[in-house]
Amino acid sequence: MGGDGLFEKVMPVIPDRSKPPSRTSTAIDLVRETGDVTDLPACDSRFHYVPPWRVAALETLAEKVLPPVADLAARYSAAGRMEDLITADETATLMDACAFVRLRGARDGCTLAFGGLPPELTEYGRRERMTVRAALECVGWFDANQRHLTTVDIAPGRPAGAQPVDGALYGAELARRYDPARQVTERFNDVLRAFAKEFLGTRRVLELGAGTGRVGRNIAPFAGSYAGIEASHAMISAGRRYGLDVRHGDMMAMPFETGSFDAVVEHESIDFCTEPLLAATETERVLSLGGQFYRVELETAPAAGISRLQEEITARLAKLSGGVFPYWTKGQRRRVHQWLTGRGFAHRRIRLARWNETRSLRNWLQGLVNASYPSFSGVDEQTAESVCLELASAASMGDLDTTWDGEVGVVVHQYEAVDRCCSSHRPGRRLV
Ligand SMILES: C[S@@+](CC[C@H](N)C(=O)[O-])C[C@H]1O[C@@H](n2cnc3c(N)ncnc32)[C@H](O)[C@@H]1O
């Protein structure tokens, strides 16, 4: 690291591989330690606000990273002889700056780059001092890449009324809409309770993105202990009546000791955070060896036509909300799955239950009818409902009280943090 306090606001970006990870390693450190995972599918998310880490990254870039690189470029492009050596401090500053833009601004801007320096610069990163020629090459690389951070449009305009507050998308208005919009049947609650009895009994359980406690209230009574983490104060207050121990915090940087849970559970939450892979790394860290990460998924298969209607409504609402499509996509699930299995977690898909349900169209369209997905926070309830009505009637599906049959299922993806059986099986060092 350069000794000039270049990265005061953020963590060092070039890992020192000679030292074991410390207990204070952040999630980003741990992601980085897994190496270059370039075969991970790109994040197909679109955010409708600037994620907090990006704001911080832009500030740091403008205030701390860019100026010394610009100085260096000005100094050497004018006067330096190409084979002269720049100083060790300048070399470190330049390398840090390159790793910074790579870590913070790769590809579409919401996919983090992994592994610090890009392959084409790693050779330079090994040298204490580099030549002016190499330095100018790095400056060119830096300049091209810092544009990912400054110009790639991942924030196509925040819809009116949406606030990137609270470290979460769920402000007071969405929290208010949330429970009425996401009604679950007693059957679903029963399935969760049965799951908790069978898989969580006596264990120290953590739930990610506990929201208003829909899942927590069913599983907590059967766990050895229960803690939740949730980024939105509004969601925590909305669920306060259940008396759950839900801590305000970020699942991408959890305030929990390494190895302090035997099971981590999530339902529709990891896909909603800014970078699910950071939450996955943190999950790995807080899980004890042999612990399990359970991703609970609700699978609905409504009558023919409803899925298409859902897609049409989603597209229309997204357009009204600023042209942004929901980011809680299957792409995220695949990324998390690949990351976890790549880390050596043993995966098992467990089908907990499947049953038939007759529901009103309003119920099949829940989350859309009153726009309770954060991606639609620029749309008011009345507009959302009238869009649903208009498109349902155009598709000859009746009004919102018309009932339709469909199938509902609950599936759990179990990822077990198996012991390391060989060096390649579990590449990361487990912190104890
Ligand atoms: C769709 S809701 C699901 C809530 C709950 N799991 C349920 O099934 O009702 C997603 C939740 O994840 C929370 N969330 C999003 N990003 C988060 C983060 N980085 N850390 C903690 N919680 C987060 C949101 O605030 C929201 O409450």
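Biologist: What makes helix α10 a helix that lies across strands, and which strands are they?
Modeller: In this predicted model, helix α10 (residues 276-286) lies across β1 (204-208), β4 (261-267) and β5. Its direction makes an angle of about 135° with that of β5. Contact here requires C-beta atoms within 7 Å.

Biologist: Why is the sheet of seven strands called open, and what is its order?
Modeller: The order is β3-β2-β1-β4-β5-β7-β6, with mixed pairing. The edge strands, β3 (246-248) and β6 (346-360), each pair on one side only. Neighbouring strands are turned by 20° against each other on average, direction ignored.

Biologist: Why is the set of 56 residues called a nonpolar core?
Modeller: The name applies because a nonpolar core is a set of buried residues of nonpolar types, joined through C-beta atoms within 7 Å. The largest such core has 56 residues, of which Val205, Ile219 and Val264 touch the most other members. Helix α7 (residues 186-199) gives the most to this core, with six residues. Apart from this core lies another, of 21 residues, including Met95, Ala99, Phe100 and Leu121. In soluble globular proteins, nonpolar side chains tend to be buried together.

Biologist: Leaving aside neighbours within four places in sequence, which residues are in contact with Ile219?
Modeller: Ile219 is then in contact with Leu192, Ala196, Leu200, Val205, Tyr226 and Val265.

Biologist: Which residues come nearest to the ligand?
Modeller: They are Gly209, Gly211, Ala231, Met251 and Cys273, out of 20 residues around the ligand. By class, the shell has 11 nonpolar, five polar and four charged residues.

Biologist: How many of the residues in the protein chain are buried?
Modeller: Buried residues make up 44% of the 432 residues; each has 20 or more other C-beta atoms within 10 Å of its own. The chain comes to 14 helices and seven strands.

Technical notes: Residues are numbered from 1 along each chain as its sequence is written. This is a predicted model: local features need pLDDT of at least 70, side-chain atom pairs count only at pLDDT 80 or more; totals for chains, interfaces and linings use all residues. A residue is near a molecule or strand if its C-beta atom, placed from the backbone, lies within 6 Å of it. Ala, Val, Leu, Ile, Met, Phe, Trp, Tyr, Cys and Pro count as nonpolar, Asp, Glu, Lys and Arg as charged, and the others, Gly among them, as polar. A residue is buried if 20 or more other C-beta atoms lie within 10 Å of its own, exposed if 12 or fewer, and partly exposed in between; C-beta atoms are placed from the backbone. Helices (H or I, at least four residues) and strands (E, at least two) are DSSP runs, numbered from the N terminus. Two residues are in contact if their C-beta atoms, placed from the backbone, lie within 7 Å. Two strands pair if DSSP finds at least two bridges between them. Axes are lines fitted to C-alpha atoms, for helices over the stretch in contact, and angles run from 0 to 180 degrees between N-to-C directions.
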